[in-house]
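I opened my notebook to look around a new model, one question at a time. Come along and check each entry against the picture.

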Amino acid sequence: MKYNEKTSLSCQKKENVFKKLWNYYSTYEKCWFLGITVLAFVFAFLFPEEDIGGVNGKIIMVLYLVDIFSNILCELLISKQSRWNFIVSLLVEVTEISICIVCAYRFATMATTIFFWIPIDIISFVVWNRHKDDKDESLTEVRKLSGWQEVLVILGIIVWTVAVGFLLTLIDVEEGILSNNPILEKVVCYIDACCSAVGIANGLFILFRYREQWIAWYISCALEIAINIISGQWVLLVLKFGYLTNTTYGYVKWTKYIRAKKREESDKTNLILRTIKKPL
């Protein structure tokens, strides 16, 4: 095969991959993703970050933008029930650990990310691979929680928030992003503890493919918004806006899928019953 022919085939393959990837997303999803990305860059220009603890504000802003881009891609893939969201999520975790270290704050979130989220992403990728939809392998089968499970989760979050929040208030940070305001620093400690607890619940819901992970994400997003406003991290509010809109979108998509599956199972059961009752 000639060099020109090889080059042509290579270009065609790249075009096919790009076309397949482009067509994988709906018009709404593409507009949502591009809209949040553009809005993030606008906010980055309007609200530049100041230096923190000797770290250049531009470096911090780059971390924020990488966090936003990787997060919205991850969220979009989750809403589409794609197992590949967990691979993108690993980039999210590394970026957010870096932000916590640079800003010298949110130690509960950082610890949760290192010891919970990174392992859970890897395990979830394996689990989701084992529960592909029987008609569309790009989808993962999802389901919903029972009432008593929800009660146990809520109690666990309350206990974690009080215990971990108190322990965080004992940490003394001299050059953190909130070091000049000790009262707000303590408030953020408890919010951070609650956020990490809800995050753990969210991670477990995702692992076991429960729809309620979107509800946990709503709560987590509200807590994150409070922390971002207190800390003056205005550009990250763009990410939270993206969370809120996509969480609604994802919840609706998962609910429709669960209902459709329930109808299918009901139809199969009725067909079997009719076949059994049919006289010979």
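Before the first entry I needed a definition: helices are DSSP runs of H or I with at least four residues, numbered from the N terminus. I also noted that this is a predicted model.

**Entry 1: the nonpolar patch.** The patch lies on the surface and is formed by V38, L39, V42, F45, L46, F47, I229, W234 and F241. Together they have about 870 Å² of accessible area. I picked out F45, which sits in helix α2. F45 counts as exposed because its relative accessibility is 71%, and the cut-off for exposed is over 50%.

**Entry 2: the core.** Next I looked inside. The largest nonpolar core has 58 residues, and Y64, I68 and V235 touch the most other members. Helices α2, α3, α4, α5, α7, α8 and α9 each supply at least two residues of this core. Another core, of five residues, lies apart from it and includes A108, V164, L168 and A193. Which residues does I68 touch, leaving out those up to four places away in sequence? I found I36, A40, V235, L236 and L239.

**Entry 3: helix α4.** I checked the length of α4 and found 19 residues reaching 27 Å from first C-alpha to last, close to the 27 Å expected. Its buried residues include F86, V88, V92, I97 and I99, and also N85, S89 and E93. Just after α4, A104 takes a positive phi of about 50°.

**Entry 4: salt bridges.** How many salt bridges are there? The count comes to six. In one of them, the side chains of D134 and K261 meet at 3.0 Å, N to O. D134 is in the loop between α5 and α6, K261 is in helix α9, and the two are 127 residues apart. Is K261 buried or exposed? K261 is buried, because its relative accessible area is 14%, while D134 counts as exposed at 53%.

K135 forms a salt bridge with E264, with the closest N and O atoms 3.4 Å apart. K135 lies in the loop between α5 and α6 and E264 in helix α9, so this pair ties together parts 129 residues apart in sequence. K135 is exposed at 64%, and E264 is partly exposed at 26%. I then saw that D133, D134, K135, K261 and E264 are linked in a network of salt bridges.

Key
Residues are numbered from 1 along each chain as its sequence is written. This is a predicted model: local features need pLDDT of at least 70, side-chain atom pairs count only at pLDDT 80 or more; totals for chains, interfaces and linings use all residues. Side-chain values use heavy atoms; hydrogens and water are left out. A nonpolar core is a set of buried Ala, Val, Leu, Ile, Met, Phe, Trp, Tyr and Cys residues joined through side-chain atoms within 4.5 Å. Buried means under 20% relative accessible area, exposed over 50%, partly exposed in between (1.4 Å probe, protein chains only). Contact means heavy atoms within 4.5 Å. Patches are made of residues with over 30% relative accessible area and no salt bridge: like charges are joined within 9 Å, nonpolar side chains (Val, Leu, Ile, Met, Phe, Trp, Tyr) within 5 Å. Accessible areas come from the Shrake-Rupley method with a 1.4 Å probe; for residues, only the protein chains shown count as cover. A salt bridge is a side-chain nitrogen of Lys or Arg within 4 Å of a carboxyl oxygen of Asp or Glu. The expected span of a helix is 1.5 Å times one less than its number of residues.
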